[in-house]
Amino acid sequence: MEKRATSRDVARVAGVSQSTVSFVFTGREGISEATRERVLHAAAELNYRPNLAARSMRTQRTGRVAVLMTVSALNPQDLLHGVTDAAGEAGYVVEVVYVPGDPGARSVRIGELVDSRQYEGILSFTPLRTPSTAAEDTVVLSLSEFDEEMHMTGEFTDARPVVEMMERLAELGHTRFLHITGSLTYPSAVARRDAYLATVERLGATSLGVIEGDWSAATGYATVAGLPDDTPPFALIAANDLVATGALRAAVLRGWSVPGDLSITGWDDTDQSAYLVPSLTTVVQDREALGANAMRRLVAAIRREPVPEPATGLQHVVWRESVGAPRA
């Protein structure tokens with residue numbers, strides 16, 4: 001069986017003392033950034049993980065952080081990948097703790113977590129009421145990237161990609177647009193609808209309507225299947241890739257060409273979107289980068305280091321085959 005790397009091995013590869021390796025992973029002040037990076041690089045190369053039990057006995061620090069999640073429709077996989085990778089780089093183990101959706105019950109649960117002293121830090125992506133004891137015993141970092149039901153409210157409500165896609169479609173010759181929204185209980189859906197309406201007006205284009213949907217492929221399918229036969233050519237701004245996929249299927253079954261009769265855009269860049277025929281123009285949301293940035297902010301707060309700025313620029317359009325010039 002392969003021997004597990006030790007802090008002595010990391011020190012040898014990094015060219016530092018064993019105590020320096022320990023200082024890096026316990027967040028001791030006075031370590032230069034260059035030295036810290038060298039130690040972390042060596043640790044990654046050797047697949048080194050600190051002995052948290054021993055560290056806890058020596059330093060009275062647990063080496064554990066908690067990430068609070070509520071049960072919701074959000075798939076947190078990419079978000080948690082970023083969180084756990086950043087925590088591992090800093091020598092922490094992450095535990096995902098699901099908390100009640102009710103704000104009062106959630107506050108009680110958070111108080112219990114803080115009082116347990118199991119965690120050096122607690123990260124929440126939703127606003128919460130921080131227990132009064134948290135500042136003394138446990139660092140609690142409450143972000144506002146999502147609301148209490150994990151609906152996006154932060155960086156990911158930025159609707160500028162809608163504007164970018166519509167402007168490009170107008171350059172290609174499109175003058176007629178249709179928008180299928182997500183559920184308007186979501187701030188992101190409201191922001192995209194408002195951006196769509198403002199851009200239609202600014203471009204002097206024609207809107208065929210705003211259809212409130214529910215983020216499902218069925219909504220996209222039903223909407224396009226129910227349009228009059230003489231509707232094309234037009235451009236459809238779909239709430240997400242699922243809606244766009246349903247719309248694409250309905251268009252194909254009607255004999256409409258994509259993008260000649262109908263250009264379609266989505267949102268989220270789900271796994272299948274690049275493999276549809278035609279491949280789907282969509283918006284990438286880098287949730288992994290958001291999670292990594294949030295964890296780095298928590299670690300910096302635990303170690304009383306300067307806290308990085310919140311992540312920005314996490315969305316961009318990926319142009320694919322579903323967008324093109326309308327047929328004559």
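These legends describe close-up views of a predicted model. Local features need pLDDT of at least 70, side-chain atom pairs count only at pLDDT 80 or more, and totals for chains, interfaces and linings use all residues. Residues are numbered from 1 along each chain as its sequence is written, and side-chain values use heavy atoms, with hydrogens and water left out.

View 1. Helices (H or I, at least four residues) and strands (E, at least two) are DSSP runs, numbered from the N terminus. Of the 328 residues, 49% count as buried. Buried means under 20% relative accessible area, exposed over 50%, and partly exposed in between (1.4 Å probe, protein chains only). Contact means heavy atoms within 4.5 Å. Among contacts with a separation of 6 or more, 71% join residues 24 or more positions apart.

**View 2. H179 sits in strand β5.** The strand spans residues 176-180. H179 is buried, at a relative accessible area of 2%. Neighbours within four places in sequence are left aside here. H179 then contacts R192, R193, Y196, G209, V210, I211 and I237.

**View 3. The charged end of R192 sits over the ring of W267.** The distance to the ring centre is 3.8 Å. A charge sits over a ring if NZ of Lys or CZ of Arg is within 6 Å of the ring centre and within 35 degrees of the ring normal.

**View 4. Y186 and W215 form an edge-to-face pair.** Rings of Phe, Tyr and Trp (its six-membered ring) pair if their centres lie within 6.5 Å; planes under 30 degrees apart count as stacked, over 60 as edge-to-face and the rest as tilted. The count by this rule is 2 aromatic pairs. In this one, the centres are 5.3 Å apart and the planes stand at 70°. Y186 lies in the loop between β5 and α9 (187-203). W215 lies in the loop between β6 (206-211) and α10 (217-225). The pair therefore ties together parts that are 29 residues apart in sequence. W215 counts as buried, at 17% relative accessibility.

**View 5. F234 and W256 form an edge-to-face pair.** Centre to centre, the rings are 6.4 Å apart, with 90° between the planes. F234 belongs to strand β7 (residues 234-238). W256 is in the loop between α11 (241-253) and β8 (262-265). The two residues are 22 residues apart, and the pair links distant parts of the chain. F234 is buried, with a relative accessible area of 0%. W256 is buried too, with 10%.

**View 6. α10 packs with α11 at an angle of about 35°.** Their axes are 6 Å apart. Axes are lines fitted to C-alpha atoms, for helices over the stretch in contact, and angles run from 0 to 180 degrees between N-to-C directions. The crossing is right-handed. A crossing is left-handed if the near helix is turned anticlockwise from the far one by less than a right angle, and right-handed if clockwise. From α10, the contact residues include Y221 and V224. From α11, they include L242 and R249.

**View 7. Helix α5 and helix α12 cross at roughly 40°.** α5 covers residues 77-89 and α12 residues 287-302. The axes come within 6 Å. This crossing is right-handed. The α5 contact residues include D78, L79 and H81. Those of α12 include R287, E288 and L290.
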